[in-house]
Amino acid sequence: MRISVEINGRAHEGDVEPRTLLSDFIRHGAGLTGTKVGCEQGVCGACTVQLDGEPVRSCLMLAVQANGRALRTVEGLAADGELHPLQRAFHEAHALQCGFCTPGFLMSMEGFLREHPDAGDEQLREALAGNLCRCTGYLGIIEAVEHAAREMRGDQVEAD
Amino acid sequence: MTGRLAGRPLRRREDDRILRGDTRYLDDIDPPGAAHVAFVRSPFAHARIGGVGVPDELDGVTVITAADLEGRARDLPVQGIEGGRVASEGHPVLARDEVRYSGQPVAAVLAESRALAEDAAELVEVDYEPLEPVLAAGDSEVALSEWRRVSGDVDGAFESAAHVVSASHALPRLAPVPMEPRGAIASYDETDDLLTVWVSAQDSHRQLAGLAAVLDRPEESIHVIVPDVGGAFGSKGVVSPETAVVAAAAMATGWTVKWAEDREENFIASYQGRGVEADVELALDGAGTMLALRARIRADLGGYLMPTTAIPGHTTAMLMCGVYDIQAADVEIMGMRTNKVPTGPYRGAGRPEAAYFVERTVDVAARELGIDPLELRRRNLIRDFPYETALGWTYDSGDYVRCLELAEELVKPERHSDDTRVVGTGFGMYVERAGGMFETAVAELLPEGRVLIRSGSSPHGQGHDTTFAQLAADRLGVGIEDVELRFGDSKEVPRGVGTFASRSVAMGGSAVVLAVDALKEKLRELKDPPPGIRASARFESDLVFSSGAYAAVVEIERSTGRLRVLRLVAVDDAGTIVNPLLAEGQVIGGTAQGLGQCLVEEAAYDEEGNPTFASFLGYSLLTAAEMPPVEAAFVESPSPLNPLGAKGIGEGGAIGTPAAVANAVADALGGRRVDPPFTEEKLWRALREAGP
Amino acid sequence: MKPAPFDYRAPASIDEALPLLVLDSAVLAGGQSLVPLLNLRLARPELVVDINGIAELDYIRAEDGALRIGAMTRQATLERSELVRERWPLLHKAVELVGHPQIRTRGTVGGSVAHADPAAELPVALTVLGARYRLRSPRGDRVLDGADLFRGPLYTAREPNELLVEIEVPEQPDGAGSGFAEHARTHGDFATAGAAAVVAPEGHTAIALLGAGPVPARAEAAERALVDGAEPREAAALAARDVEDEHRRALCAELARRAIEEAMA
C-alpha cells in the first residue's frame, strides 16, 4: 500500500504492507532513526512520537494508519536548530547516559507539559512513568522536567 | 582532584546529537540489500534434536543450521578462574543434537526483511524430543565450575568461638534489560578476505577476540566497529552465539547479514545475572570480633558456560570477607548446570552477591549477639591499607570507617512500629574489585594544535568522551574543544581490554594521561611538530578496590505488605573523581537497578522451564514514580596504583543498595529472613508471622 | 517480533464495517491491546478492520440523564470530559489510572471493554455504574448488561460478526460518591488488584473488585452489608471473601475498604 505521512513538516512517501509498524516506517521507510524501538509492546516508550501533537507509541500503530496524518519526531523538536527548553534541561541535569530512551522521553514530556503546564511534581513523576530508562535512575530526568516546566511556564528560573 | 577541568561537573559533549536524534545505534544502520536474520529458538528447556527440516516452499529464504556451520564456526570459548576448575565445553553457536534452555538458537533464517524471516522461521521443522529439565541448582548433578579456598585456622576458630552465627540467603536471577537490545551486522569482502562486523557491544576487543576464536581467523582479518550503544550492563561484553552466526552467515553467503534482536529475544536469550544461594557461618568472640568465616555458595549457571559465566561467582567467593578484618576463611563455590539461559556478568557481577551475603549475615550476627549493627561493624572494619585478605586479594586503599560514619549521618536512622506500618533502617557496606589488566591509548597531534586520542576503552553511556577529554585537556593545557576522542573501531583504536568491571577511568583514563604525557615528551623535542605525530601508552595495573556504605530507611504497610523505600543514602569511595556529575549519575543509575532487584525484578522460569519473563509484562522495571530520594556522597581514598588515584564508580549503586535495603527490611521485620524481591506477598506473610 | 501477514480495511462507517467482521477478522480500535498481541504473533487475524475512521463512533453525550459513549471515544477524551468528571466521577477516576498518557491518547473506551482484561479499570468501573453495552450486527442491535457481556478473562459475548458501538451509563443517584483504588507493581503497570465503589446517601451501593475473578462482578453481599450499616472494613472483607489466596484476599479487602471510604467521604 502506498502511504504518505507528514513528518516534521515534510511529506514522506513509501510502500508498506498492512503489517508494517509505524515505528519501522519512520525509521526505515522515512530514514528518521532518532525514534527508537525498545519493546514493540507499548511499555518502554522509546518509540514515542507525536501524532497531531499528542504523544503516541509508534510501535502500536500500523504505518497505514498514519497515511495523510502529521507526525513530529525528536528530529523536529529543536525549532530552527535551537534546542527546546526540555532538551536543554536534560543536558544540564545529566538526564541522559546511553541516550536510547531519550527521544521517547522528550516527545512524551514535551506533549505532556504543553497540555499540563501547571502539573505538580507528583503528576510529573506519574507522567514520566510511561517511559523506561535503565541507565540514569530517573532522578536527573525528574529534575530536568521540573526545571523545563518552570521555564516553559515563564517562572523565575534560578541560574544553576 | 583539582585541575582546570578534571574534578569539575562538566556537562557532556555527547549530549547534543543524542538530544537531536542524530545517533546511530546498531538497528539504525540499514545496509541496502542486507539479509535479515530471525532465529529459530528452542521452545523446550531441555530436548534432543533429531533433525532440522526446511520445507521446500521456502523460496527466497536461506536457513542455516549447525550442520551448515560445521568447520566454519567453533563453540564459544570459555574463560577460566584463578585457582579453580571450569569445564571446557562452551556454548555452541547453533544447537547440534541437544538444546539446554528455552530460547537457545537452533537455526538462523535469512530473508529480505525481519518479518519475512520470522514467517519462514515458523515453517522450519525441528524434531525435538523433550527431556526432563533440571531447574534448580540444588537438583543438578553437573558442576560446571568449582572453586575453594581455605586460609588460616578456620576449624580452630569455629571450635573456640564464643558465638557461631549461621545465615542462608538466596538471590534470584536478574535480566540486564538494556533499553537497546543486542544486534550485529556482518559483511565479508572475499577479495581482501576481510570480515567487517558492526556490533552493539561494550568494546571491540572482546568481540574481535571472540570472533577470531569462533571463526578460526586471525584478528587482523576482522574489522569490528562498535556504533552508539544503548546500554549494556555487562550483557554485551563477550561475543554472543548470534553474532557469531551472523558473521559466519556473511562469510558463507557473501551477503551483508543483519540481526537486530527484539525485546522478547533479549529477555530470553541474553545471559542473566545473579542466581546464587549461600550458607554463611561467622565465628565471633565474646566481644564481637569476627574470627572466621565459612561460606558454601551455589550458583545456577544455566545450560552452558558462556565465556565469562564462571567469573562472577569467583568474584563473589573472593570478596566474602567483605570490609572486615577476618583472618580465617573457608569459602567454596560450585557453579551448577541447569536448563536455563546461561548467567554471566551483570552490573556488579559477583560483588552485589558478596555484599549481600556478608552484610545480611553481619546483621543476623548483631541481632543474635545483642550488639548494635553499626557497632559490630565498627569493631571489625579494616583500617590499615594496603590490606591482604584471607582469600587472596589486596585492597589498595580505603576509609571504611568514614564511609559508614557518613552514611549514618546522612540517612538519619528511623525505626517505628504501629498498627498500620513498620519502619526499619539498614546498612550495607561493600568492597569491590575494579580495573586490572591493562588499557591502551594513542595520542596524535592534529592540525592547529588539536589532539586526537584513540582509546581502548569504549562507552555505552558513561560519558567517556567528556571525562577523558577533561583529563587530556588538563594535561595538555588546551581547551576541551581541542581534544577529540575516538572509540570502538578495531582498526582505529589500539588493541585494549575494554569496558567492564568499572575500569574505564582507572585504566582507560590512566592510559589517556600517559599517552598524552608521552606525546608531550615527543613534541617538546621538536620545534615545529607536524600533525600526525603519535605517542602510545599501555597502562597495566593490579586490581583497585572501591568501597562504600549504603543505608536505607524502608516502610512496610501492614495491610498489604507494600514496601516503600523512604530514603536511600549512597556513600561511595571510588578514589579520585574526575567528573562528579557523571559519577553521581552512575551511582543513581546503579541504585535504581539495585532497587529493582529488591522490589520487582526476578527472572523466574516455570515448572517446565519456560521463561515467565519474555516481555515487560513478566519482568518489571522501576519507573520514575518509584524512585525514592537518593543522597549520594563521595569519600575519596586515592588509589596508589594509577596516576589518577582513581578506582571505579560504575557499579557501586547496584552493589550497595540491595544489601542496605535487605537489612532495612529485616530490621522492620524483626530479623525474619526474606529473600529478594521483597514482594508484598512475602512481606505481608512475614509481618503476620512476626506478630504486632 | 513482527506481526504475521494480514489484510487490512479501513471502513468509514459502521455499515461499511459490519460485513467485514467475520471469524478471522480482528477489530483495530485504539490498538493498545491488539497490536502488542499482533507483535507477538499471539493474535493472527486474516483481516484487520481498522475502525479509527468511523467518526460516528466517537462521541460523549448525556441523553435523558444517561451517559452515552461511542465505542471509539479515546480514553484521553473521556479523561478530559467535564461532563463525565462532574456526573460520573468514577469513570474519570478509573480512566486516569489506565496505563500512561500515551496509551490513553489512542486507547478507546470500547476497545477496553471488548478486550475484557480482568485487570482493566474501565470494565470494572462500568460494572459498578451499571453500564449496558450496545452491539450491532447485520441482523440488528442487542443491548447487554455487564454480567451478560463479560464471560471470562479476555472473553466477551460479542460474536465475531458484531461490533460494539456504544456504552450507556445510567444516571447515578443524587449525592452519590465514588471511589477507585488499585494496586500495581509499578506505576502504570497492569493492576494486580483493585476496587471500585459508588455509595449514595439513600442506600444505593455498588462495589466490584478488579482482578479478583475472571470477570468484573458486583460484590452483592458486601453491598447489602453496607446498606445495612456495616463498617467499610467489614463490607470490604465480605467483598473479598471469595478470593482464594490469603494475601490477595487481604489486598483486595484493603483496596475495597479504601474505595468504599472514598465513596462515603
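Let's start with a salt bridge inside chain B: B:E219 pairs with B:R495, and their closest N and O atoms sit 2.8 Å apart. Please keep in mind that this is a predicted model, so every number I give you today is computed from it.

Where does that pair belong? In chain B, the domain assignment gives us domain 1, made of 15–24 + 434–542, and domain 2, made of 31–132 + 177–269. B:E219 and B:R495 form their salt bridge, and the rule finds two salt bridges across the interface of these two domains of chain B. There are also 13 residue pairs in polar contact between domain 1 and domain 2 of chain B, counting pairs with both residues at pLDDT 80 or more. On the side of domain 1 of chain B that touches domain 2, the residues split into five nonpolar, nine polar and six charged.

How much area do these two domains of chain B bury between them? About 1,500 Å², with 43% of it on carbon and sulfur atoms. Our friend B:R495 turns up again here: together with B:H460 and B:K491, B:R495 supplies 38% of the area that domain 1 of chain B buries against domain 2, more than any other three residues. In terms of contacts, 20 residues of domain 1 of chain B meet 21 residues of domain 2. The centres of the two domains of chain B, taken over C-alpha atoms, are separated by 32 Å.

The contact involves 25 residues of chain B and 21 residues of chain C. Between them, chain B and chain C bury about 2,000 Å², 47% of it on carbon and sulfur atoms. Which residues of chain B lose the most area to chain C? They are B:E118, B:E122 and B:W684, and together they account for 20% of what that side buries.

As for secondary structure, the elements giving two or more residues to the side of chain B that touches chain C are helix 2 (114–121) and helix 15 (680–690) of chain B. Helix 15 of chain B provides the largest share of that side, five residues. By class, the chain B side facing chain C has seven nonpolar, five polar and 13 charged residues.

Last stop, chain A. Here the division is into domain 1 (2–76) and domain 2 (85–153), with C-alpha centres 21 Å apart. Domain 1 of chain A puts 18 residues into the contact, and domain 2 of chain A puts in 14 residues. The two domains of chain A bury about 1,200 Å² between them, 56% of it on carbon and sulfur atoms.

Conventions. Residues are numbered from 1 along each chain as its sequence is written. Chains are lettered from A and ligands numbered from 1 in the order in which they are written. This is a predicted model: local features need pLDDT of at least 70, side-chain atom pairs count only at pLDDT 80 or more; totals for chains, interfaces and linings use all residues. Side-chain values use heavy atoms; hydrogens and water are left out. Contact means heavy atoms within 4.5 Å. Buried area is the accessible area (1.4 Å probe) that two parts lose on being put together, summed over both. Helices (H or I, at least four residues) and strands (E, at least two) are DSSP runs, numbered from the N terminus. Ala, Val, Leu, Ile, Met, Phe, Trp, Tyr, Cys and Pro count as nonpolar, Asp, Glu, Lys and Arg as charged, and the others, Gly among them, as polar. Domain bounds come from an automatic or database domain assignment. A salt bridge is a side-chain nitrogen of Lys or Arg within 4 Å of a carboxyl oxygen of Asp or Glu. A polar contact is a pair of N or O atoms within 3.5 Å; within protein, one must be able to donate a hydrogen and the other to accept it, and residues adjacent in sequence count only if both atoms are side-chain atoms.
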